[in-house]
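Q: I would like to learn how to read the main features of a protein model, with the criteria behind each term set out. Could you take me through one?

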Amino acid sequence: MDADGSYYDYDLANEIMDQVNALRMEYGLDALLYNPKMREWTSVRAWEQTLLAGHTRPDGSVASSVGIGLTFENITILRNCTERELINIPELAARAVNNWFTSTTGHKEAMLSYASNLGAVACYTRGNSVYVVQMFSNRTLYFMDYLID
C-alpha cells in the first residue's frame, strides 16, 4: 500500500483476466496466456492513469512504448466505488469487462482479437476509483520470457 492508501489489487486483476478468457472461449478463441513482464507493464500503465487518463502516456508517448511487442490496450476507470463494491471482486471485475464489451471504440475487438495470445491486467485502486488496464500481444511466450532477466 502506498503512503496515500493506494494499492494494486491483484485479486481483481486475476478475476478480470479469468472473465476475459471465459468470454474469449465463448467466442471460440483460445484463452490469453499470462506473462509476468506484461503484468509489470500494465501496472505502470494503471498507475499512469491516475496522472493522465487515456492511451497517451504522461510523457506524451504512445501506450505501447511501456513495453515490447504490445498490440492493444484496454483501459477503464471504475469511479465512485463503494466499500462493498471494492470487496466484491467478481462483480467489480464484471463491471470492468462489461465496460469494454459494450464499448463502441474497439475495446471489445481487442478482447476478442484472434491474433492476440498473451495478455495481462493490472488494477490500481486510489480512493474510491479503480484504474484498470489490460494489454495484449501477439508474440510468443518464448519472446516474452526472453525479456525477463
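**Helix packing and fold**

A: Helices H1 and H4 are oblique to each other, a class that holds the angles left over when those under 35 degrees count as roughly parallel, those over 145 as roughly antiparallel and those from 65 to 115 as roughly perpendicular. Please keep in mind that this is a predicted model, in which local features need pLDDT of at least 70 and side-chain atom pairs count only at pLDDT 80 or more, while totals for chains, interfaces and linings use all residues. Residues are numbered from 1 along each chain as its sequence is written, and side-chain values use heavy atoms, with hydrogens and water left out.

Q: At what angle do the axes of H1 and H4 cross, and within what distance do they come?

A: An axis is a line fitted to C-alpha atoms, for helices over the stretch in contact, and the angle runs from 0 to 180 degrees between N-to-C directions. Here the axes of H1 (residues 10-26) and H4 (residues 89-101) cross at roughly 50° and come within 9 Å.

Q: Is the crossing of H1 and H4 left-handed or right-handed?

A: A crossing is left-handed if the near helix is turned anticlockwise from the far one by less than a right angle, and right-handed if clockwise; the crossing of H1 and H4 is right-handed.

Q: Which residues in H1 meet H4?

A: Contact means heavy atoms within 4.5 Å. From H1, the residues are Asp11, Leu12, Glu15, Ile16, Gln19, Val20 and Leu23, and they meet Ile89, Pro90, Leu92, Ala93, Ala94, Ala96, Val97, Trp100 and Phe101 in H4. Sorted by class, this contact of H1 with H4 has 13 nonpolar, 1 polar and 2 charged residues, where Ala, Val, Leu, Ile, Met, Phe, Trp, Tyr, Cys and Pro count as nonpolar, Asp, Glu, Lys and Arg as charged, and the others, Gly among them, as polar.

Q: How many helices and strands are there in the protein?

A: Helices (H or I, at least four residues) and strands (E, at least two) are DSSP runs, numbered from the N terminus. The protein has 6 helices and 5 strands, and from the N terminus on its elements run β-α-β-α-β-α-α-α-β-β-α.

Q: What radius of gyration does the protein have, and what would a compact globule have?

A: The radius of gyration is taken over C-alpha atoms, and the globule rule is 2.2 Å times the number of residues to the power 0.38. For 149 residues a compact globule would have a value near 15 Å, and the protein, with 14 Å, agrees with this. Its C-alpha trace spans about 40 × 35 × 30 Å along the principal axes, and 68% of the contacts between residues at least 6 apart in sequence join residues at least 24 apart.

Q: Is Ala93 buried or exposed?

A: Buried means under 20% relative accessible area, exposed over 50%, and partly exposed in between (1.4 Å probe, protein chains only). Ala93, which lies in H4, is buried, with a relative accessible area of 0%. Over the protein, buried residues make up 47% of the 149 residues.

Q: Which residues is Thr42 in contact with, leaving aside its neighbours within four places in sequence?

A: Thr42, in helix H2 (residues 36-48), is in contact with Ala120, Val121, Ala122, Val133, Gln134 and Met135 when those neighbours are left aside. Thr42 is buried at 0% relative accessible area, and its C-alpha atom is 6.7 Å from that of Ala120, 78 residues apart in sequence.

Q: Where is the place of Asn80, and what is its phi near?

A: Asn80 has its place in the loop between strand S3 (70-78) and helix H3 (83-87). Its phi is near 55°, a positive value in a residue other than glycine, and Asn80 is exposed, with a relative accessible area of 60%.
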